[in-house]
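Subject: Handover of a structure and the findings from it

Dear colleague,

Please find below the structure that I am handing over to you.

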Amino acid sequence: MLRCKGNSIYTGITTDFSRRFRQHCGAESGGAKYTRSHPPEEVLCVWETETRSNAQKLEYRLKHLTHKQKEDLIAIPSRLATLFPELGDNFRLKCIHALL
């Protein structure tokens, strides 16, 4: 999850966070259309999972949260499992600084 210009929150999936972040910031080609008009300002949370399918399920659910619900999750990212119990404990919070 990225905080973007205008205090919006962008959510997406990738197999290579560092590369994708550079793309979103415009340092490499291939960023999302949304982040071209709303450049990232801050990395908020990154979760890791074993499968792309799990990542897509999480992304879908996160994108359907309200802005307030996303802010609450960002404040306590470990709440992910309690927020989406149907996803199980297939997600691990990643150290953001190690990814950049």
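Predicted model: local features only at pLDDT ≥ 70, side-chain atom pairs only at ≥ 80, totals over all residues.

The chain as a whole

The protein chain holds six helices and five strands. Read from the N terminus, these elements follow the order β-β-α-α-β-β-α-α-α-β-α. The radius of gyration is 13 Å, close to the 13 Å that the globule rule gives for 100 residues, so the chain is as compact as a globular protein of that length. Along the principal axes, the C-alpha atoms occupy a box of roughly 35 × 30 × 25 Å.

How much of the chain is buried? Of the 100 residues, 39% are buried. The chain exposes about 6,200 Å², and 51% of this area comes from carbon and sulfur atoms.

In soluble globular proteins, nonpolar side chains tend to be buried together. The largest nonpolar core in this model has 14 residues, and those that touch the most other members are Met1, Trp47, Leu58, Leu62, Leu80 and Phe84. Two elements give two or more residues to this core, namely helix 3 (52-63) and helix 4 (67-75).

Trp47 deserves a look of its own. Which residues does Trp47 contact, once its neighbours within four places in sequence are left aside? The list consists of Met1, Leu58, Leu62, Leu73, Pro77, Leu80, Phe91, Arg92, Leu93 and Lys94. Another core, of eight residues, lies apart from the largest one, and its members include Cys4, Ala32, Val43 and Val46.

The cysteines

How many disulfides does the model contain? The count is zero. For Cys4, the nearest cysteine sulfur is that of Cys25, at 8.7 Å. A disulfide requires two cysteine sulfur atoms within 2.5 Å, and Cys4 is accordingly in no disulfide.

Cys4 is buried, because its relative accessibility is 0% and the limit for a buried residue is under 20%. Cys45 is likewise buried, with a relative accessible area of 3%. Cys25, by contrast, is partly exposed at 41%. Cys25 belongs to helix 1, which covers residues 17-25. Between Cys25 and Phe84 there are 30 Å in space, C-alpha to C-alpha, and the two are 59 residues apart in sequence.

Thr49 is part of strand 4, residues 47-49. Is Thr49 buried or exposed? Thr49 is buried, since its relative accessible area is 18%. Its side chain reaches the backbone oxygen of Asn90 at 3.0 Å. Not counting residues up to four places away in sequence, Thr49 touches Asn54, Ala55, Asn90 and Phe91.

Helix 3 contains both Lys57 and Glu59. Lys57 counts as partly exposed because its relative accessibility is 39%, whereas Glu59 counts as buried at 17%. Lys57 and Leu87 are 30 residues apart along the chain, and their C-alpha atoms are separated by 7.9 Å. Beyond residues up to four places away in sequence, Glu59 touches Thr11, Gly12 and Ile13.

Two further residues

Asn7 sits in the loop between strand 1 (2-4) and strand 2 (8-10). Although Asn7 is not a glycine, it has a positive phi of about 65 degrees. Its relative accessible area of 42% makes Asn7 partly exposed.

Ala81 lies in helix 5, residues 80-83. With 39% relative accessibility, Ala81 is partly exposed. Ala81 and Ala27 are 54 residues apart in sequence, and 34 Å separate them in space, C-alpha to C-alpha.

Yours sincerely,
A colleague

Technical notes
Residues numbered from 1 in each chain as written. Heavy atoms only, no water. Helix = DSSP H or I, 4+ residues; strand = E, 2+ residues; numbered from the N terminus. Buried < 20%, exposed > 50% of the residue type's maximum accessible area, 1.4 Å probe, protein only. Polar contact = N/O pair within 3.5 Å; in protein donor to acceptor, adjacent residues only side chain to side chain. Contact = heavy atoms within 4.5 Å. Core = buried A, V, L, I, M, F, W, Y, C linked by side-chain atoms within 4.5 Å. Rg over C-alpha atoms; globule rule 2.2 N^0.38 Å. Areas by Shrake-Rupley, 256 points an atom, 1.4 Å probe, with all protein chains shown as cover.
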